[in-house]
Structures are given as structure tokens and as C-alpha cells.
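Here's a quick briefing to read with the model open beside you. Have a look at the chain and the ligand before going on.

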Amino acid sequence: MSTEAIKRIDHLARALKAPRIQEAAARLADQARDAGWTHEEYLAAVLDREVAAREASGSELRIRAAGFPARKTIEDYVFDHQPALRRDAILHLAGGGFLSEAENVVLLGPPGTGKTLAIALGIRAAYLGHRVLFATATEWVTRLQGAHAAGRLNAELAKLRRYGLIVVDEVGYIPFEQDAANLFFQLVSSRYEHSSLILTSNLPFARWGDVFGDQVVAAMIDRIVHHAEVVTLKGSSYRLRNTEIETLPSVRAENTSD
Ligand SMILES: Nc1ncnc2c1ncn2[C@@H]1O[C@H](COP(=O)(O)OP(=O)(O)OP(=O)(O)O)[C@@H](O)[C@H]1O
Ligand SMILES: [Mg+2]
């Protein structure tokens with residue numbers, strides 16, 4: 001490539017804020033000449049580098065902004081530990097179709113049975129271009145209480161609707177006062193048929209009344225499951241595998257109770 005042309009490309013790539021074009025243009029030019037690429041093939045290859053890099057860094061930013069407590073992927077998941085779990089169903093969810101349809105995913109099961117799949121699905125969503133936020137149910141309620149106290153609950157709910165996916169982890173470990181339950185109901189209601197939720201809980205739906213109170217629980221579950229994939233995990237804790245604790249009667253009783 002002539003030095004004039006290289007200089008011009010450098011200048012144009014900077015103007016476009018596309019540094020990878022500058023780098024790829026020079027590097028791929030020799031390769032293109034050697035391999036006899038057409039002009040179109042060369043241009044596509046150069047632009048491809050820029051777009052791929054942008055997509056990768058966008059996903060990375062979305063993953064970091066989501067606030068996941070750990071990085072887990074579907075590939076890390078040992079399906080043999082959950083024989084009743086349909087691998088194809090989880091892989092289907094990983095495809096992210098539920099996000100475009102504003103559908104929900106509910107992961108139910110005793111402690112340690114893999115509800116962290118919610119993180120893996122959240123990371124997939126970020127790769128697919130969706131904005132994601134992850135927090136526990138208690139953290140969500142605290143956030144909504146803060147917004148409510150500041151008189152900007154509606155603005156907060158509207159802001160959250162711009163996230164394609166919100167993950168609410170650990171529904172059920174801590175029961176809510178009625179005011180907190182009402183705020184949580186508003187979160188569910190504001191996303192209904194608009195944007196997706198993933199919820200995880202150690203409790204079956206029949207016991208969600210203990211967490212949210214009878215006033216809102218029926219209407220809330222109704223909205224959550226109207227368009228939802230409910231995944232039930234079973235068995236003993238993955239955390240306690242290969243330990244003696246797994247065979248303790250109290251742990252056994254808890255894991256077989258539903
Ligand atoms: N089938 C599995 N394959 C691989 N790792 C697993 C599996 N199930 C659980 N784990 C791992 O075991 C640990 C506990 O699982 P996880 O965090 O998903 O539990 P949980 O269902 O969310 O329980 P809790 O209700 O206590 O939060 C995590 O590190 C998780 O990655
Ligand atoms: Mg968990």
C-alpha cells in the first residue's frame with residue numbers, strides 16, 4: 001500500500017474512532033494481495049475486525065456492569081448432577097429467545113443445586129447484546145425503597161425497563177414486610193410483557209406467600225409465570241458433594257421435601 005494511502009486511512013480511521021480499521025487495513029493489505037482477494041473481500045475483512053472487537057468489548061462492558069457475583073457459564077455446568085434437568089431446555093434458554101419475547105425464567109430448588117445457572121444465562125444475555133442487572137431479592141427491594149423514599153420510584157422502574165434482563169436471586173431466604181413486598185410487586189408488574197426477569201428461589205411457589213404475604217403473592221406469581229420457563233432443580237447440594245454432610249438426615253429431609 002502506498003504511504004499516502006496508509007496515512008489517509010490512519011486519518012480516516014481516527015475520525016471514525018475505529019482504531020482497528022487502521023491496524024487491520026495495513027496488516028490485511030499484504031495478505032489480500034498475496035491471496036488475490038477482491039476489493040470487496042478486503043473491505044469486508046477489515047470492517048469485520050472492527051465490528052468483532054466492538055462487539056466483544058460491548059459484551060465485556062455489559063457483563064461488568066451487570067454485577068454478577070461470579071462468572072459461571074453453561075459449559076461449566078455438570079448436567080449429570082441434575083439428571084432430571086433437560087439439557088436441551090437449558091441450551092434453548094441460553095439461545096436467548098425468551099429475552100426477545102420478554103419471557104421470564106424461574107429456577108427453583110434447594111440450596112446448592114445450581115440456581116447459579118441464572119448467572120450463566122445472564123452472561124449469555126450480555127453476549128447477545130442485552131443490558132443485564134443482577135442482585136438478590138433483598139438488594140432489589142433496598143434499591144426500590146431508596147428510589148421510593150426519594151420520590152422517584154416510577155423513574156427508577158422506567159430506567160430498569162430499559163434493561164432487557166433483570167436477575168433476582170435468592171427469593172425466599174428473607175421474608176419481606178408488606179411495604180417491601182408491594183415494591184417488589186411493582187417491579188414485577190412494570191416488567192410484565194415488556195422485559196425479562198430471571199428469578200431463583202429455594203421455595204416452591206406454594207410457599208411464596210410466606211415471603212410476600214397473601215395480599216400480592218397470587219397476582220405476582222400470575223404475572224411471573226404467564227410467560228415463563230420454570231426450571232425445577234432437585235437433589236443434594238453440589239457444594240456438599242463428596243462430603244459426609246450430604247448424608248446428614250436434616251439435609252436429606254430438606255432436599256426430598258417437595
Ligand atoms: N450441576 C452443577 N455443575 C457444576 N457446578 C455446579 C452445579 N450445581 C451447582 N454447582 C456449583 O455449586 C455451587 C453452588 O451452586 P449454586 O450457587 O448454583 O447454588 P444455588 O442453587 O444458587 O443455592 P443457594 O440457594 O444456596 O444460593 C456453585 O459454585 C455452583 O457453580
Ligand atoms: Mg444461589
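This is a predicted model: local features need pLDDT of at least 70, side-chain atom pairs count only at pLDDT 80 or more; totals for chains, interfaces and linings use all residues.

Residues are numbered from 1 along each chain as its sequence is written, and chains are lettered from A and ligands numbered from 1 in the order in which they are written.

**Strands**
- Helices (H or I, at least four residues) and strands (E, at least two) are DSSP runs, numbered from the N terminus.
- A residue is called buried if 20 or more other C-beta atoms lie within 10 Å of its own, exposed if 12 or fewer, and partly exposed in between, with C-beta atoms placed from the backbone.
- Strand β1 (residues 104-108) is largely enclosed by the rest of the structure, because five of its five residues are buried.
- In a regular strand, side chains alternate between the two faces of the sheet.
- In β1, N104, V106 and L108 point one way and V105 and L107 the other way, and all are buried.
- Two strands pair if DSSP finds at least two bridges between them.
- β1 pairs with strand β5 (residues 228-232) in the parallel sense, over five bridges, and N104 sits opposite A228 there.
- β1 also runs parallel to strand β4 (residues 196-201), joined by four bridges, with V106 partnered by L199 in β4.
- Strand β3 (residues 165-171) is mostly covered too, with six of its seven residues buried.
- β3 runs parallel to β2 over five bridges, and L133 stands opposite I166 in β3.
- β3 and β4 are likewise parallel, with five bridges, and V171 has S201 in β4 as its bridge partner.

**Helix α3**
- Helix α3 (residues 39-66) has 28 residues, so at 1.5 Å a residue it should span 40 Å, and its end C-alpha atoms, 41 Å apart, agree with that. The expected span is 1.5 Å times one less than the number of residues.
- Its buried residues are V46, E50, R62 and A66.
- Their cover includes α2 (19-35), α6 (117-127) and β2 (132-136); contact here means C-beta atoms, placed from the backbone, within 7 Å.
- Just after α3, G67 has a positive phi of about 75 degrees.

**Around ligand 1**
- Of the 18 residues around ligand 1, P111, G114, K115, T116 and Y238 come nearest; a residue is near if its C-beta atom, placed from the backbone, lies within 6 Å.
- That shell divides into four nonpolar, nine polar and five charged residues. Ala, Val, Leu, Ile, Met, Phe, Trp, Tyr, Cys and Pro count as nonpolar, Asp, Glu, Lys and Arg as charged, and the others, Gly among them, as polar.

**Two single residues**
- G209, in helix α10 (residues 209-212), is partly exposed, with 16 other C-beta atoms within 10 Å.
- Leaving out residues up to four places away in sequence, G209 touches D214 and V217.
- S189 belongs to helix α9 (residues 178-191) and counts as partly exposed, with 15 C-beta neighbours inside 10 Å.

Methods
Two residues are in contact if their C-beta atoms, placed from the backbone, lie within 7 Å.
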